[in-house]
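Student: I should like to examine one part of this model closely. Please take a single helix and describe its surroundings in a connected account.

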Amino acid sequence: MNDSIVPRSRVLLVDDEPEILVALTDLLDAEFDVLPAAGGEEALALLKANPDIAVIISDQRMRDMTGDALLARARAMSDAGTILLTGFADLDTVVDVLNRGAITFYAAKPWEPESLLAMVREAAASCRTRRELASERALLRSLFESLPLGLALIDEKGRITRLNARAAHAFGCSPTECLRLTEQDVLPELTSGKDESLSGEEGETPIIKRVDEEGREHWHRISRVALAATHERPPQAGASVVIDQDVTDLMEMEKRARQADKMQAIGTLAGGIAHDFNNLLTAVLGSLELVQDLQPPTDPNIARLFTNAMDAARRGAVLTQKLLDFSRPRDLTRRAVDVPQLLGQMQGLLAQSIGGGGSRAIPVRLELPEEALSQASTDPSLLEVALVNLCLNARDAQPKGGEIIISARGETVTPISKGGQTIVGRSGRPLSPGEYVVISVRDRGVGMTPETQARIFEPFFTTKTVGAGIGLGLPMVYGFVQRNGGDVRVASSPGEGTLIELWLPAANAGGQGKIVSSGSVGSHLTHGTQRSILVVDDDPNVAAVTVGFLVKAGFKVLECHSGIQALELVRDRPDIGLVVMDLLMPEMNGDECARRIAVIRPDLGVMFVTGFADRAILPSDAHILAKPFTREALLSNVEELIPAK
């Protein structure tokens with residue numbers, strides 16, 4: 001069985017005597033493809049046209065050119081093996097060309113057929129081996145130079161014997177200059193215990209920091225692969241390859257991922273605190289309203305203090321809502337939005353928001369594309385809030401005046417498999433392939449250091465003076481864009497201003513998103529005697545406020561403080577026409593209680609009273625009243641579900 005088939009080699013025969021060409025052809029054509037030539041010039045033309053010729057057999061004495069001269073010119077064109085046919089009178093010439101390595105073999109005329117055939121076989125095999133080695137060498141050279149890694153070969157004395165362009169660039173000198181250096185010269189950071197630190201088996205490979213000519217930091221992971229290791233000699237004692245990998249992008253992605261995890265943890269903590277604080281504010285605001293109804297203050301000083309208390313509680317409610325929006329923000333109502341049209345409509349509002357005509361007024365300029373722009377899939381109201389936040393920050397970054405430029409453009413993120421480029425946003429995750437609408441807000445202000453940029457989306461982080469900001473505006477922008485399926489990109493340098501880009505999915509790229517309705521759950525109640533309202537809240541203070549509002553409005557109200565009690569009352573009291581229930585309660589949450597109520601009384605409506613942070617566990621058609629609520633908000637929602645008395 002033949003494991004491999006060796007292709008037939010091509011042999012060029014050169015002789016000005018036709019009978020010699022015929023004899024050689026008869027000898028060789030059983031094993032080789034033969035090309036005959038009647039002279040030197042003809043042979044050179046055939047060699048040029050057939051670069052795969054493996055062996056050249058030439059007579060020494062020909063009319064137009066001697067054999068040694070022909071083979072010398074042929075060697076400049078081809079690596080084919082060469083055999084010179086000559087008579088005894090030309091032995092001096094043969095010895096000379098053999099000594100110069102100009103021919104592979106020679107054969108005296110008349111030749112011995114088997115001996116000449118063996119020479120041709122050997123010359124053809126040698127040519128084939130040379131070409132295979134050259135091909136392998138070219139392949140290795142190409143890989144050596146094109147790999148996205150710096151590679152440097154180090155001998156046993158630590159000297160650099162070979163390296164690629166990436167390694168030379170990383171070492172900060174030309175390839176020629178590097179060949180005169182040692183590993184210690186180009187990697188001084190690893191001088192102490194370098195062999196152990198570079199060993200992948202003993203510990204992690206080291207990462208070193210380099211600063212380029214423009215002052216930018218780059219991080220490189222250095223590792224080693226030993227060459228020519230034996231049992232008697234450990235790998236570190238011999239030659240090795242040092243691998244220099246630029247991991248700056250990877251380090252940045254890991255840093256952003258850690259930042260995202262930290263923000264998520266902070267958001268979860270803030271949401272929990274805000275939820276409990278919401279209950280306190282609901283009790284405070286509701287109690288103040290009820291007290292005002294029972295006995296309005298007549299003393300102006302008392303009235304002013306009462307108003308101050310109400311205003312402070314409302315400001316606390318706004319702050320709490322921001323915390324809740326950051327931790328698990330309100331549901332998006334995404335639809336197709338014409339961004340240039342929205343920006344045009346907002347220009348007046350933005351001008352007023354950032355100072356109107358006062359001393360801090362800064363012009364807002366729009367740079368909109370002339371060509372049609374895809375519509376963005378987003379919540380227009382939340383997008384407006386995000387843009388106002390960005391413009392306020394841009395204004396504060398220009399205390400001596402300047403300009404705010406808002407622009408929009410379309411971008412396409414192509415998959416890597418189709419030759420695309422990875423685009424990474426603030427989250428550290430690559431943007432999904434598809435169409436995007438990019439809204440940019442640029443200022444010419446003081447700019448930011450890298451340290452400040454790393455923290456601008458942290459809740460409560462602010463560079464503003466006390467009272468000028470609480471550090472929740474940019475985190476809310478970041479959270480909104482993340483929930484919208486996009487990302488944020490930031491570019492800034494001290495003294496060079498700041499550019500913030502909001503990447504929003506185009507409406508034709510991924511659907512419109514889920515629209516969360518605030519409509520009622522279940523059917524409206526039947527008219528008749530089912531007019532009682534059951535209030536369920538584990539916090540007695542909040543329950544007291546809710547009951548007070550409803551009783552004041554003329555409703556008959558029942559009160560309990562757990563889901564289990566609520567189920568018992570629903571079974572025993574058919575006059576209950578609506579359940580107003582807190583969502584987060586011990587033992588049994590409001591959503592579970594509502595599902596059990598639906599089994600007992602499918603016609604009974606349920607309204608959840610909660611903060612936005614809890615909406616994610618509810619169905620999309622749930623009827624929700626956000627805490628803290630006013631009397632008007634409560635009664636308006638109740639009247640949608642139960643007939644007024």
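Tutor: In β10 of this predicted model, Asp-244 is the bridge partner of Ile-222. That pair belongs to the contact between strand β9 (residues 217-226) and strand β10 (residues 240-246), which are antiparallel and joined by seven bridges. Both strands are part of an open, five-stranded sheet with antiparallel pairing, in the order β7-β6-β10-β9-β8. Its edges are formed by β7 (160-163) and β8 (207-211), each of which pairs on one side only. On average, neighbouring strands of the sheet are turned by 30 degrees against each other, direction ignored. In general, strands of a sheet pair through backbone hydrogen bonds, in either a parallel or an antiparallel manner.

The helix to consider here is α5, which comprises residues 113-146 and lies across β6 (150-154) and β7.

The loop between β5 (105-108) and α5 contains Pro-110, and the peptide bond from Lys-109 to Pro-110 is cis, with omega near -10 degrees.

The length of α5 can be checked against expectation. Its 34 residues, at 1.5 Å a residue, should span 50 Å, and the end C-alpha atoms are 49 Å apart, so the two values agree. Several residues of α5 are buried, among them Leu-116, Leu-117, Val-120, Ala-123, Ala-124 and Cys-127. In an α-helix there are 3.6 residues a turn, so residues three or four places apart point the same way. Met-119 and Phe-144 of α5 are buried too.

Helix α1 (residues 18-28) packs against α5 at an angle of about 70 degrees, and the axes are 11 Å apart. Angles of 65 to 115 degrees count as roughly perpendicular, and α1 and α5 are therefore roughly perpendicular to each other. On the α1 side the contact involves Leu-24, Leu-27 and Leu-28, which meet Pro-113, Leu-116, Leu-117 and Val-120 of α5. By class, the residues of this contact are seven nonpolar, no polar and no charged.

Note on methods: Residues are numbered from 1 along each chain as its sequence is written. This is a predicted model: local features need pLDDT of at least 70, side-chain atom pairs count only at pLDDT 80 or more; totals for chains, interfaces and linings use all residues. Side-chain values use heavy atoms; hydrogens and water are left out. Two strands pair if DSSP finds at least two bridges between them. Helices (H or I, at least four residues) and strands (E, at least two) are DSSP runs, numbered from the N terminus. Axes are lines fitted to C-alpha atoms, for helices over the stretch in contact, and angles run from 0 to 180 degrees between N-to-C directions. Contact means heavy atoms within 4.5 Å. The expected span of a helix is 1.5 Å times one less than its number of residues. Buried means under 20% relative accessible area, exposed over 50%, partly exposed in between (1.4 Å probe, protein chains only). Angles under 35 degrees count as roughly parallel, over 145 as roughly antiparallel, 65 to 115 as roughly perpendicular and the rest as oblique. Ala, Val, Leu, Ile, Met, Phe, Trp, Tyr, Cys and Pro count as nonpolar, Asp, Glu, Lys and Arg as charged, and the others, Gly among them, as polar.
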